[in-house]
Amino acid sequence: MQTAVTVVNLIHDTATETDRPMCWVFPGCSWRECRSTSGSGTAKDPERTTHIRIPASVCTMGYLPFAQWTALPAAEKAKHWTLKRGWKLVQGAVSALTAEEYAKLEKTHLCCTAAAVSDNREPLLPHWHVEGS
């Protein structure tokens with residue numbers, strides 16, 4: 001499905017020891033969910049895997065690999081976006097979130113937690129690929 005995708009970065013405030021969500025909205029992305037089961041016998045659990053493709057053409061500006069982004073001071077982090085395993089991506093456009101809204105995100109929005117991130121910005125079809133659950 002073609003949709004906007006919101007990448008949520010968490011900027012840590014050392015003074016309050018809290019994380020502040022920063023939302024980056026990218027249009028024209030691909031969001032595909034696969035449902036399956038895991039386990040053996042009759043005790044099978046449903047699983048959902050999400051595949052997201054973020055075209056580089058809609059979001060190259062401001063991107064930094066996580067290792068570079070994490071080295072920035074908090075004020076500079078707010079000017080750049082990154083992808084990190086364990087952080088959330090949301091289907092659709094979300095312009096801002098509070099820490100409380102981020103904590104309840106799975107109850108209010110279709111979202112996934114990034115399990116794997118690939119930077120596939122090769123010349124043919126440059127994009128980032130995120131696999132989540």
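The legends below describe several close-up views of one predicted protein model.

**Notes for all figures.** The model is predicted, so local features need pLDDT of at least 70 and side-chain atom pairs count only at pLDDT 80 or more, while totals for chains, interfaces and linings use all residues. Residues are numbered from 1 along each chain as its sequence is written, and side-chain values use heavy atoms, with hydrogens and water left out.

**Figure 1. The order of helices and strands in the protein.** The protein has 4 helices and 6 strands. Helices (H or I, at least four residues) and strands (E, at least two) are DSSP runs, numbered from the N terminus. Read from the N terminus, the elements follow the order β-β-β-α-α-β-α-α-β-β. Of the 133 residues, 37% are buried. Here buried means under 20% relative accessible area, exposed means over 50%, and partly exposed lies in between, with a 1.4 Å probe and protein chains only. Contacts are also counted in the legends below, and a contact means heavy atoms within 4.5 Å. Of the contacts between residues at least 6 apart in sequence, 53% join residues at least 24 apart.

**Figure 2. The largest nonpolar core and Leu 89.** A nonpolar core is a set of buried Ala, Val, Leu, Ile, Met, Phe, Trp, Tyr and Cys residues joined through side-chain atoms within 4.5 Å. The largest one holds 29 residues, and those that touch the most other members are Val 7, Phe 26, Ile 52, Ile 54, Trp 81, Leu 89 and Leu 97. Strands β1, β2 (18-40), β3 (43-55), β4 and β5 (111-120) each supply at least two residues of this core. The most come from β2, which gives 6 residues. Leaving aside neighbours within four places in sequence, Leu 89 has contacts that include Val 5, Val 7, Trp 31, Ile 52, Ile 54, Leu 110 and Val 130.

Figure 3. A search of the whole structure finds 1 cavity of 30 Å³ or more. On a 1 Å grid over the protein atoms alone, a cavity is a set of points where a 1.4 Å probe fits but cannot get out, and lining residues have an atom within 4 Å of a point. Grid points are joined across faces, edges and corners, and a volume is the space filled by probe spheres set on the points. The volume of the largest cavity is about 30 Å³. Among the residues that line the largest cavity are Val 7, Asn 9, Thr 82, Trp 87, Lys 88 and Ala 114. Both β1 (2-13) and β4 supply at least two lining residues each, and β1 has the largest share, with 3 residues. By type, the lining divides into 6 nonpolar, 2 polar and 2 charged residues. In this grouping Ala, Val, Leu, Ile, Met, Phe, Trp, Tyr, Cys and Pro count as nonpolar, Asp, Glu, Lys and Arg as charged, and the others, Gly among them, as polar.

**Figure 4. Salt bridges in the model.** A salt bridge is a side-chain nitrogen of Lys or Arg within 4 Å of a carboxyl oxygen of Asp or Glu. By this rule there are 2 salt bridges. In one of them, Lys 88 pairs with Glu 106, with the closest N and O atoms 2.9 Å apart. This pair links distant parts of the chain, since Lys 88 lies in strand β4 (residues 88-91) and Glu 106 in helix α4 (residues 105-108), 18 residues apart. Lys 88 counts as buried because its relative accessibility is 13%, whereas Glu 106 counts as exposed at 53%. Glu 76 and Lys 79 also form a salt bridge through their side chains, at 3.0 Å from N to O. Glu 76 is partly exposed, at 29% relative accessible area, and Lys 79 is exposed, at 52%.

**Figure 5. His 51 in strand β3.** His 51 belongs to strand β3. The residue counts as buried because its relative accessibility is 17%. Apart from neighbours within four places in sequence, His 51 is in contact with Ser 30, Trp 31, Arg 32, Cys 34, His 129, Val 130 and Glu 131.

Figure 6. Ala 99 sits in helix α3 (residues 99-103) and counts as partly exposed, at 38% relative accessibility. Not counting residues up to four places away in sequence, Ala 99 touches Asp 19 and Pro 21. Ala 99 and Met 22 are 77 residues apart in sequence, and their C-alpha atoms are 9.8 Å apart in space. Glu 17 is found in the loop between β1 and β2. Although Glu 17 is not a glycine, its phi is positive, at about 55°. Glu 17 is exposed, with a relative accessible area of 55%.

Terms used:
On a 1 Å grid over the protein atoms alone, a cavity is a set of points where a 1.4 Å probe fits but cannot get out, and a pocket is an open set with protein on both sides within 12 Å along at least five of seven lines; lining residues have an atom within 4 Å of a point.
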